[in-house]
Structures are given as C-alpha cells and as structure tokens.
Amino acid sequence: MKALNLYDREDLRYEESPKPVITHKDEVIIKVKATGICGSDTSRYKKLGPYESGTTFGHEFSGIVTEVGENVEKFSIGDRVTGCPAIACKKCEYCKKGEYSRCENLFVIGSYRNGSFAEYVKLPEENVLKIPDNIDFNSAAMIEPSAVVAHGFYKTNLKPGMTVAIMGCGSIGLLAIQWAKIFGATRILAIDIDDNKLELAQQFGASDVINSKEVNLEDFIQQFYQNEIDLAVESSGAKVTIGQILTLPKKGGEVLLLGIPYADIEIKRGEFEKILRNELKVIGSWNGLSSNFPGIEWRATIQYMDQGNIVVSPIISHFLPLSEGPNIFKKLIQKKEPINKVIFYNS
C-alpha cells in the first residue's frame, strides 16, 4: 500500500509500505477514506514531537472495516467507522481509575505505531467506533479533534447562560465555539489575528469577533465584556496568548488550556497575577479520553455531528491525495498561504 512515512526532521516520504495484518485476535483493519493533518503532526514533522524513524504518520481518520480478528464482536466487514488513535496502557494507576488521558504510557498512532496517512490502518476493537450514514467520511475524520475539545469542556463548570471567550480560531478554536454553544453559552467572543478565521468564527456562532492585532484587546474587554467572561479558552498554543488568556475571565472565572505550545511561553507578571488576584481556576486538558473507553467525548461528538450541532466542512480548506503530503507539509511550515484543515483522501 502507499503511505506517508516520516524519517527525520522534515523528511516525509510518500512510498510503498507493508499493509497491516491481523496479529492479535481483537484487531480491526480499516481502509482509510479520509485522514486529517493535526497541528501536532506539523510539529512532529519539524521534530518537535515523538516518533520512530520510518513510522507512518497521522492519527485523525475515518474509513471502512476490511478485516477483523476472530475475537472482534462489534464490527463487520463494510462498517463505516472512525478510530480513537490514543493507545492507553490500561495498567497504570490512572488507567485503572478510568482516567485514560492521564495514562503514564499514553501515545497516539503515527508516533510509535503506524498511523492513518496510508491506505489502511490497524487498531484494537475498543478504539473503533461506528459512524452513522449521514456523517460523511471527511467530517468523521474530525471526530478525534472534536473529542479533544469536548474533553476540556467537560472539565469546566460551563452552564447555560454563561459567556465564553475563545482565543485562537484554528480548527480547535472553531470546534470550541460549537461546543460552547452545545454547553449553553449565550455569548461567545472569538479572538484571532487572521480575519479569514474570524469570518469562520462568526459563521459558527461567535457573538463578537476581534482581531487582536488591530484592536486593543484589553480596551475591548473593558468596554464590552467587563466582569462577564465566565470561561476563557486558549486554543492556539501561541507563546503570547497563554499569558493573555489569563486577563480575560471575571473574578472567580475559569481558563481552559487546549492549545499545545511548541516553544517557551511568555507570561508577564501582571498576567500571572490575574490567577492570584482574581482567584482563577486554570484547567489543563490533554487528549480526549474518559471512561468507558474511549469516552463520552467520542460518543457525544458522534451524536452532535449526527444531529447537525457540530459542523466541520467549512473548516476544511484543502482536499488532497496522499501523494501531495510532502508538498503540503512544506507549505504548512512556510506559512506563505492560508491553510486551515487539510484532509487527505483515498479512492
């Protein structure tokens, strides 16, 4: 089969690779129909994340079951599915408590095990979920990032009628807007430095949008959102915004950190003091797993996509064959053209 394999820093190759085979009785082999580039993939491509040389890249995907191990009971050949790419050890103290996102040995496929940038991918049965017929494969490939966002929101005290600010309107931020609405937020402020992303934020239901390069964020908050923001969500991972997000919530409010920083962050003294003086609750969130594995985050995402409450097609800017992988990754790190979500397709 053809696959995208990562060998070294910015050394991604489209090449022939062995097709996965059943080696354990609980395994499922899936023909990949759609698979998306995650921000962590871009960082791993730049050698800022774990992988073993020659491993097939990628972890967000959907497809059709083509083979099942003899102990597999829930899936049959031809089933439309998505897959949770996270492999938890199920042995550490956190796994035993059902806290799988805290697993001491957690990893995702595409790092230490072959991933989804390929014609076929293999997962344990418990990592596979059926998708309804009216969720297309491209949307289903984004169930994983939606589950990651949901995991964070389930940690908050967000209730109907509250106000949410979301900083960073990439795919995670745009999904966060939709989850904020699902949780009942009545006012949502979206913040970014890219007007194209802010247009999408409005399309997805943001009450207000602000380009923080063009408008003074502090002045805007004081004028229009003073003492109103219950929850501020950081979804970009930029080194500057992680400090800025602390200035947004009201006293006693919450900060949810979803973005992954890939460089040292910058927090000014005044920003840090907001945690203390405003008695903020700062919530870290990692991956998208809970009990029963892979968790409510996955089941809820599938439900809300099925009902039309989570829509992802406007987020996708590029549909490409796998063979374009090396070229699009170069463009992603060069940042010379606007690229939102990239989906690779297989015929």
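Lysine 250 forms a salt bridge with aspartate 230, with the closest N and O atoms 2.8 Å apart. A salt bridge here is a side-chain nitrogen of Lys or Arg within 4 Å of a carboxyl oxygen of Asp or Glu. Lysine 250 sits in the loop between α8 (241–244) and β15 (254–257), and aspartate 230 in the loop between α7 and β14, so the pair ties together parts that are 20 residues apart in sequence. Helices (H or I, at least four residues) and strands (E, at least two) are DSSP runs, numbered from the N terminus. Lysine 250 is partly exposed, at 29% relative accessibility. Aspartate 230 is buried, at 13%. Buried means under 20% relative accessible area, exposed over 50%, and partly exposed in between (1.4 Å probe, protein chains only).

The model is predicted: local features need pLDDT of at least 70, side-chain atom pairs count only at pLDDT 80 or more, and totals for chains, interfaces and linings use all residues. Residues are numbered from 1 along each chain as its sequence is written, and side-chain values use heavy atoms, with hydrogens and water left out.

The structure holds 17 salt bridges. Side chains of opposite charge can pair when their charged atoms come close. Arginine 187 is partly exposed, with a relative accessible area of 21%. Glutamate 228 is also partly exposed, at 25%.

Another bridge joins glutamate 273 and arginine 269, at 3.2 Å from N to O. Both residues lie in helix α9 (residues 269–277), four residues apart, about one turn of the helix. An α-helix has 3.6 residues a turn, so residues three or four places apart point the same way. Arginine 269 is exposed, with a relative accessible area of 67%. Elsewhere, Lys97, Glu99 and Arg102 are linked in a network of salt bridges.

Arginine 80 gives another picture. It is found in strand β6 (residues 80–83). Arginine 80 is buried yet has no salt bridge; the nearest side chain of opposite charge, aspartate 133, is 4.1 Å away. Lys and Arg count as positive here and Asp and Glu as negative; His and the chain ends are not counted. A polar atom of the arginine 80 side chain lies 2.7 Å from the backbone oxygen of proline 132. Beyond its neighbours within four places in sequence, arginine 80 is in contact (heavy atoms within 4.5 Å) with residues including Gly63, Leu129, Ile131 and Phe137.

The largest nonpolar core has 57 residues. Such a core is a set of buried Ala, Val, Leu, Ile, Met, Phe, Trp, Tyr and Cys residues joined through side-chain atoms within 4.5 Å. Phe153, Val164, Leu174, Ile177, Trp179, Val233 and Leu289 touch the most other members. Elements that give two or more residues to this core include α4 (143–155), β11 (163–167), α5 (171–182) and α10 (296–307). Helix α5 gives the most, with six residues. Not counting residues up to four places away in sequence, tryptophan 179 touches Phe153, Ala300 and Tyr304, among others.

In α7, Leu217, Phe220 and Ile221 are buried. They cover an arc of only 95 degrees around the axis, which puts them on the same side of α7. The arc is that of the directions from the helix axis to the C-beta atoms. On the other side of α7, Glu218 and Gln223 are exposed. The cover over the buried residues of α7 includes β11, β12 and β13 (208–211).

In α6, the buried residues are Leu198, Leu200 and Ala201. These fall within an arc of 155 degrees seen down the axis, so they line one face of the helix. Glu199 and Gln203 are exposed on the other side of α6. The buried residues of α6 pack against α5, β12 and β13. Just after α6, glycine 205 takes a positive phi of about 115 degrees.

Terms used:
Polar contact = N/O pair within 3.5 Å; in protein donor to acceptor, adjacent residues only side chain to side chain.
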